[in-house]
Amino acid sequence: MSYEIKDIRQDAMNKPRNVVGASTYQRIKNDIIFGRLAPGAKLKLDGLRERYQASMSTLRETLSRLASEGFVDARDQRGFFVTPVSREDLIEIANLRILLECHALRLSVERGDADWEGNLVAAHHKLHLMERKLLAGDDSQREDWKRCDWEFHLAMIEACGSRNLLSLHAVLYDKYLRYQMLVLTYRGEDAVEEHRQMIDKALARDVEASAAALQRHVERGLAHTLAAF
């Protein structure tokens, strides 16, 4: 998963530098997505070095990479800042997500094999279990819920056959997720039903109906997020 923090089992000092850099990148990105680094906050290198136990060179490389992906704003002579948020940006991200994800889903439904179907069913089952907890009023596992949500959406499209498409979608999904986490509220039974429709149409190999169900799901999620923004 693109925003999951990986378990670091060895002393970072004994790891190759590129592995340490990857860990630092993932942790900072995760903290931006889940709001632990607030939109617009200045990213001071001294504070980041202490917080993430990374060298200055690793931090500069990491922040430059995050800037290229749109999560960090690099300002001339002023340093690095967490990219601000806006309604207009959210709408643009959601529309781009629909464009990419619906295209990937059409390809995936056409090309997916039995393994794809099995992975999709398993991902939906995990997500549904988490949704049942939310419906019961237990919202203590917000990050686990969004991880399951990501795994389900990825399972829907991962048979598309394009690594570039999946990579672009992952970045957009993370940007969209960042907005959801800033104003996180659960849509309840509506979201559960939308997920059920999506998997039913995909497994039935109904290309256009599955894409339409996905588009409705994203559009309704966008409206919900904008209302709480």
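Visitor: Is arginine 196 buried or exposed, or partly exposed?

Guide: Arginine 196 counts as partly exposed, at 37% relative accessibility. Buried means under 20% relative accessible area, exposed over 50%, and partly exposed in between, with a 1.4 Å probe and protein chains only. This is a predicted model: local features need pLDDT of at least 70 and side-chain atom pairs count only at pLDDT 80 or more, while totals for chains, interfaces and linings use all residues. Residues are numbered from 1 along each chain as its sequence is written, and side-chain values use heavy atoms, with hydrogens and water left out.

Visitor: Which residue does arginine 196 form a salt bridge with?

Guide: First the idea: side chains of opposite charge can pair when their charged atoms come close. The rule here asks for a side-chain nitrogen of Lys or Arg within 4 Å of a carboxyl oxygen of Asp or Glu. Arginine 196 pairs with aspartate 200, with the closest N and O atoms 2.5 Å apart. Both lie in helix H8, four residues apart, about one turn of the helix. Helices are DSSP runs (H or I, at least four residues), numbered from the N terminus. Aspartate 200 is partly exposed too, at 37%. Elsewhere, salt bridges that share partners join Lys29, Arg65, Glu69 and Asp174 into one network.

Visitor: How many salt bridges are there by this rule?

Guide: The count comes to 19. One of them links aspartate 46 and arginine 49, at 3.7 Å from N to O. These two are three residues apart in helix H2 (residues 45–52), so about one helical turn separates them. Arginine 49 is partly exposed, with a relative accessible area of 39%.

Visitor: What about aspartate 149: which lysine does it pair with?

Guide: Aspartate 149 forms a salt bridge with lysine 146, the closest N and O atoms being 3.6 Å apart. Both sit in helix H6, three residues apart, about one turn. Aspartate 149 counts as buried, at 6% relative accessibility. Lysine 146 is buried as well, at 3%.

Visitor: What covers the buried residues of H6?

Guide: The cover includes helix H4 (87–111), helix H5 (114–135), H7, H8 and H9. Among the buried residues of H6 are Trp145, Cys148, Trp150 and Phe152. H6 has 16 residues and reaches 23 Å from its first C-alpha to its last, close to the 22 Å expected. The expected span is 1.5 Å times one less than the number of residues.

Visitor: How many cavities of 30 Å³ or more does the structure hold?

Guide: Rolling a probe the size of a water molecule over the atoms shows where empty space is left. A cavity is a set of points, on a 1 Å grid over the protein atoms alone, where a 1.4 Å probe fits but cannot get out; lining residues have an atom within 4 Å of a point. The structure holds one cavity of 30 Å³ or more.

Visitor: Which residues lie nearest the centre of the largest cavity?

Guide: Trp145, Lys146, Gln180, Arg187 and Gly221 do, out of 19 lining residues. H9 gives the most to the lining, with five residues. The lining divides into seven nonpolar, eight polar and four charged residues. Nonpolar covers Ala, Val, Leu, Ile, Met, Phe, Trp, Tyr, Cys and Pro; charged covers Asp, Glu, Lys and Arg; the others, Gly among them, are polar.

Visitor: What is glutamine 180 in contact with?

Guide: Leaving aside neighbours within four places in sequence, glutamine 180 is in contact with Lys146 and Thr225. Contact means heavy atoms within 4.5 Å. Glutamine 180 is found in helix H7 and is buried, at 16%.

Notes: On a 1 Å grid over the protein atoms alone, a cavity is a set of points where a 1.4 Å probe fits but cannot get out, and a pocket is an open set with protein on both sides within 12 Å along at least five of seven lines; lining residues have an atom within 4 Å of a point. Grid points are joined across faces, edges and corners, and a volume is the space filled by probe spheres set on the points.
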